[in-house]
Amino acid sequence: MRHFDFQARVEPVHAASSTGTKADATFIVRSGLTSSSCVSFESVNFPGYYLRHYEFRMFLHRADNSALFRADATFCPVTGISGTHTSLRSYNYPSRYLRHDSHKQMRISPIGDGASPSSATFIVRTAL
């Protein structure tokens with residue numbers, strides 16, 4: 001997952017990727033902005049900007065310290081819905097999970113209704 005034009009999307013990132021692409025795909029995992037049992041993702045190349053959902057799509061936005069922003073930028077790790085790895089449940093929409101759609105856009109959605117368990121299950125890796 002990376003951000004591009006401040007939107008979160010799924011794209012291959014590997015050792016031969018450009019420095020900018022690698023930076024766009026690197027986040028500091030912080031204690032959740034709303035709940036310490038969850039996590040928030042701060043951009044490495046845009047400090048103070050976090051992944052958050054807005055109208056159920058994922059964006060990179062500057063933290064504004066509002067309660068809504070903090071909740072939108074907080075995700076709770078759970079055992080992967082597909083049975084392995086990790087899924088990320090939205091803090092303020094607990095029936096919705098971070099997932100990618102068929103256009104490689106990241107969003108939060110309930111599982112079913114076009115969202116498969118595999119689209120909401122991730123392998124978390126260290127930076128390249």
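Which residues form a disulfide, and how far apart are their sulfur atoms? I looked this up in the model, which is predicted. I found that C38 and C76 form the disulfide, with their sulfur atoms 2.0 Å apart. My search of the whole structure returned one disulfide.

I next noted where the two cysteines lie. C38 sits in the loop between β3 (27-31) and β4 (39-43), while C76 belongs to strand β7 (residues 75-79). The pair is 38 residues apart and links distant parts of the chain. I read the torsion about the S-S bond of C38 and C76 as about 75°, so the disulfide is right-handed. I recorded a relative accessible area of 5% for C38, which is buried, and 5% for C76, also buried.

I then turned to charged pairs. Side chains of opposite charge can pair when their charged atoms come close. I counted six salt bridges in the structure.

I examined D24 and R2, whose closest N and O atoms are 2.6 Å apart in a salt bridge. D24 lies in helix α1 (residues 19-24) and R2 in strand β1 (residues 2-4), so the bridge ties together parts 22 residues apart in sequence. I also noted that R2, R9, E11 and D24 are linked in a network of salt bridges.

I examined D72 and R52, which form a salt bridge with closest N and O atoms 2.7 Å apart. D72 lies in helix α2 (residues 67-72) and R52 in strand β5 (residues 49-54). D72 is buried at 4% relative accessible area, and R52 is buried at 9%.

Lastly, I noted the salt bridge of R107 with D101, at 3.0 Å between the closest N and O atoms; both residues are buried.

How values were computed. Residues are numbered from 1 along each chain as its sequence is written. This is a predicted model: local features need pLDDT of at least 70, side-chain atom pairs count only at pLDDT 80 or more; totals for chains, interfaces and linings use all residues. Side-chain values use heavy atoms; hydrogens and water are left out. A disulfide is a pair of cysteine sulfur atoms within 2.5 Å. Helices (H or I, at least four residues) and strands (E, at least two) are DSSP runs, numbered from the N terminus. Buried means under 20% relative accessible area, exposed over 50%, partly exposed in between (1.4 Å probe, protein chains only). A salt bridge is a side-chain nitrogen of Lys or Arg within 4 Å of a carboxyl oxygen of Asp or Glu.
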